[in-house]
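Dear colleague,

I am passing on the structure that we spoke about, and I would be grateful if you could look through it with the notes below beside you.

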Amino acid sequence: MADAKVLEGQKWVNATYAGVSGYVKCPENGQTSWATMNSLIMGLQHELGISPVVASFGATTMSKLEALKGITDGENQPNKNIPYIVRYGLFCKGYWGEAGDTFNADAVESMKKNMGIWQEGQEGWNRMVQAKVFKALLTMDAYVVVAGGTDKIRGIQQWLNGLYWEKSAYSIGPCDGLYSRDVQKSLVIALQYEMGIASPNGNFGPGTQAALKNHTLAQGATGIMVRLFTAACVFNEPVPVGEYAERTNFTSTFDADITRYVKLFQSFSYLPDSGNGDYDTWCQLLVSMGNPDRKVFGSDTRFVINADRAAWLKNHDYQIVGRYLYSSDPNYEKEIKPGELEVILDAGLRFFPIMQVHGRDVTEYQYTTGFQHALIAHEKATTFGIPRGSVIYFAVDYDATQDQMDYIVKYFNGVVAGLADRGKKYVHGVYGSRNVCINATNKTYARYSFVSGMSWGFSGNLGFPLPANWSLNQIKEISGIEIGGAGGKIDLDNTVWRPREDGGDPGVSSLAGVASPAADFISYIDQLYATAQDYKAAHSTHRSASQLVMEYVRHEDYGGLNWGILIGPYDRDWVAYANSKGHKVKEEFIDPSSGYEMGPEHLLATANGHLLFTQPTNNKSVNAGDIAGWAGDLMTFYANWRNDEQQYASGKAYCDAKLAKPGVSSSFSFKDLLEDADGYLIARACAAGTPINQIVREHYGNGGGHLTRFTQYFNKRFFTAADCRDQAYNALTMENETYNVARTALILATGAQSPTVLANLPGGFDKLQNFCQGFADTIVARAGAES
């Protein structure tokens with residue numbers, strides 16, 4: 001939408017400087033942009049006597065501006081155009097006021113307050129535009145919280161500006177509530193000043209690293225270094241811990257709460273969890289590579305691993321090595337060679353497959369390219385005997401900027417489609433910067449991230465936290481390693497590896513393939529079903545063997561009083577009988593399509609509910625079976641939104657950010673949606689007379705029901721997007737004694753103050769509909785991704 005005041009500024013600057021050497025006109029569209037800011041910068045340079053002008057606020061511009069000792073709106077200004085440039089810069093920033101002949105000094109004061117540099121009792125100074133303030137004015141930085149930002153981060157930004165803005169190496173940074181590369185640089189510069197670095201520059205160089213080793217913090221510490229440390233902690237939050245997202249505080253006291261958060265951050269980052277602000281932790285908070293010299297157990301290389309190289313890796317404590325499935329140049333030592341994987345495994349190592357074809361420029365990332373790369377990767381992996389369900393890391397090996405992410409996402413959508421075209425034998429992961437990994441995970445559901453952390457200067461690694469689903473983090477390249485024997489020389493990347501037990505990719509440990517990654521679950525259900533048939537034959541029970549299986553698997557976590565009220569109690573005699581035969585509740589299994597761990601308890605509690613309560617005949621209605629599945633998860637997720645509403649005023653935006661997103665901590669996770677969909681489909685098939693063991697085999701095995709689970713789920717349960725939205729609304733507002741008990745328990749369990757939905761919802765119907773539309777959009781998107 002055009003802004004009349006911005007348009008006024010665009011017309012003025014173009015008309016005033018059209019004939020100036022080097023000047024580039026900005027669009028006259030009433031929209032603030034870098035083009036407009038650059039035109040104002042070039043106009044300022046002309047007024048300062050610089051020729052030709054350029055679209056950059058450099059050292060010469062700064063020095064000449066500093067010589068003016070500040071710009072005011074008074075009549076005594078020798079140059080009348082410079083105040084007009086201030087006026088239009090303020091307009092572009094959204095600071096209007098009554099401009100008068102030049103600019104409004106009240107607007108300058110308001111902007112300085114937002115920047116965090118306003119000074120008590122300094123009225124004249126506060127209403128003047130100093131050189132650094134002028135430079136900040138002519139940027140696209142915002143000084144109020146923008147969408148997705150938080151007041152907590154904005155407070156840190158203002159604190160940094162207020163304390164350091166007059167330092168020579170420091171530039172006034174944004175106060176928008178967002179962690180970004182500029183904020184990260186500002187933090188490092190502040191840290192360098194406090195540690196006495198001679199020439200602070202924001203780079204994480206040897207001097208900064210050496211100084212940090214002398215600044216270990218621990219519980220009880222106070223002062224400005226604690227402030228800077230906790231600022232870095234806030235910038236790296238949240239730490240995913242199961243379905244929860246742990247956050248921390250910006251403070252000058254290293255207390256027990258900070259210690260607890262640091263321990264969680266260290267564990268997540270695969271560091272020793274001392275709880276102290278030690279060197280490794282400082283590094284991990286500040287740069288994507290962390291401490292590049294830390295001990296690692298993972299590696300990757302373009303060099304073929306022969307017996308001598310494999311032995312060297314093993315002898316130097318490496319446990320896993322990444323190797324490439326393909327090289328476009330057959331003469332280049334990169335692609336896996338026949339028999340190589342057997343050599344790696346025989347040496348007691350694991351490996352992980354990487355798929356890269358050039359990938360050094362955005363033009364190489366398109367949907368069709370991703371599709372073809374997936375076909376090549378499938379063929380190569382199959383030829384090498386890599387087992388079904390293994391994760392293949394598709395590489396983005398350059399600094400993809402934010403404005404290029406749409407291309408990267410389209411490429412990965414092509415990868416998904418290509419793997420699906422070959423039956424989803426393999427699962428896609430992503431290699432790239434933190435930002436690339438986050439986008440490929442959230443938008444294409446990549447299972448694991450392999451972060452190019454050693455490229456710490458990449459824009460995609462600055463201002464972004466470690467992805468929640470990270471499994472590998474490449475931190476240092478070692479060149480010219482002398483192996484000896486037939487090993488010769490190789491280059492090797494040191495890579496932090498997070499194994500399966502800590503939330504990462506186990507890699508490939510055997511070439512002995514199985515029919516399905518869920519084969520152990522299929523066998524488990526077969527055995528439990530046989531026991532249920534024996535029990536049913538010997539006891540009088542109306543329950544089917546399939547229902548007995550569901551009750552056994554769900555009884556520990558979903559067998560309490562509230563679940564009994566909702567979907568009925570489980571058969572305790574049956575559970576005792578199954579236990580006597582040696583059965584135990586299975587904790588998890590691997591989904592063949594996504595590679596995610598699925599929880600049998602939630603899966604079969606959902607199935608149990610849908611089996612006992614047949615689907616409503618009204619397309620917009622819900623019942624207790626739904627509360628055992630998607631509707632119960634939605635109630636909890638709704639309550640979490642209410643708790644987070646300060647950051648997410650829009651319920652739809654909250655769904656877009658957190659609902660069923662891989663790698664995002666949430667009470668309604670991607671894993672939950674997998675289990676909701678499959679639980680429903682299992683129940684429908686059981687109700688039609690198919691035994692549960694047969695259904696499970698067909699769904700997770702060669703029958704491939706999992707390949708189209710979301711499409712089936714949407715078509716059979718939700719029907720249309722409008723019906724899906726209305727079902728969500730009804731689940732949150734319906735009045736029924738059983739539903740109210742369940743909803744109260746689920747909502748209060750999150751810490752929300754009231755289980756009464758609309759009474760606790762400012763905005764009423766429209767706001768709740770917006771939230772429900774976000775749910776519907778998520779379900780439709782999942783179904784659409786399979787078509």
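What follows is a description of the model, taken topic by topic.

This is a predicted model, in which local features need pLDDT of at least 70 and side-chain atom pairs count only at pLDDT 80 or more, while totals for chains, interfaces and linings use all residues. Residues are numbered from 1 along each chain as its sequence is written, and side-chain values use heavy atoms, with hydrogens and water left out.

On confidence, the protein chain has an average pLDDT (the predictor's confidence in each residue, from 0 to 100) of 92, and 95% of the residues score at least 70. Over residues 753-760, however, the pLDDT is below 50, and this stretch has 18 contacts in the model beyond near neighbours in sequence, a contact being heavy atoms within 4.5 Å. Where pLDDT is low, the predicted coordinates should not be read in detail.

The structure holds zero disulfides, a disulfide being counted as a pair of cysteine sulfur atoms within 2.5 Å. For Cys283, the closest cysteine sulfur is that of Cys233, and at 13 Å it is too far for a bond. Cys283 is also buried, at a relative accessible area of 0%, and Cys437 is likewise buried at 0%; here buried means under 20% relative accessible area, exposed over 50%, and partly exposed in between, with a 1.4 Å probe and protein chains only.

Turning to the helices (DSSP runs of H or I of at least four residues, with strands being runs of E of at least two, numbered from the N terminus), helix α5, residues 105-115, is largely enclosed by the rest of the structure, because eight of its 11 residues are buried. Among these buried residues of α5 are Ala105, Val108, Glu109 and Lys112, and what covers the buried residues includes α4 (81-93), α6 (123-126), α7 and α8 (151-164).

Phe229 sits in helix α11, residues 224-235, and counts as buried at 0% relative accessibility. Not counting residues up to four places away in sequence, Phe229 touches Leu217, Phe254, Val262, Gly277, Thr281, Trp282 and Leu285, whereas the C-alpha atoms of Phe229 and Asn201, which are 28 residues apart along the chain, are separated by 18 Å.

Ser546 lies in helix α20, residues 545-554, and is buried with a relative accessible area of 8%. Leaving aside neighbours within four places in sequence, Ser546 is in contact with Tyr529, Cys686, Thr690, Pro691 and Ile692. The C-alpha atoms of Ser546 and Gly49, 497 residues apart along the chain, are separated by 85 Å.

Gln45 belongs to helix α2 and is buried at a relative accessible area of 1%; with neighbours within four places in sequence again set aside, its contacts are Ile50, Val53, Val54, Ser56 and Thr61.

The remaining notes concern pockets and cavities. On a 1 Å grid over the protein atoms alone, a cavity is a set of points where a 1.4 Å probe fits but cannot get out, a pocket is an open set with protein on both sides within 12 Å along at least five of seven lines, and lining residues have an atom within 4 Å of a point. Grid points are joined across faces, edges and corners, and a volume is the space filled by probe spheres set on the points.

The second largest pocket holds about 860 Å³ of space, and of the 35 residues that line this pocket, Met62, Lys135, Tyr170, Ser171 and Ile172 are the closest to its centre. At least two lining residues come from each of α2 (34-47), α3 (59-66), α7 (131-137) and α9 (181-194).

There are five cavities of 30 Å³ or more. The largest cavity has about 280 Å³ of space and is lined by 19 residues, of which Val416, Lys424, Tyr445, Ser593 and Ser594 lie nearest its centre. Two or more lining residues are given by each of α17 (405-421), β7 (427-432), α27 (670-687) and α29 (709-718), and the largest share, three residues, comes from α17.

The second largest cavity has a volume of about 40 Å³, and its lining includes Gln157, Tyr170, Pro174 and Asp182, with α8 and α9 as the elements that give two or more residues.

With best wishes
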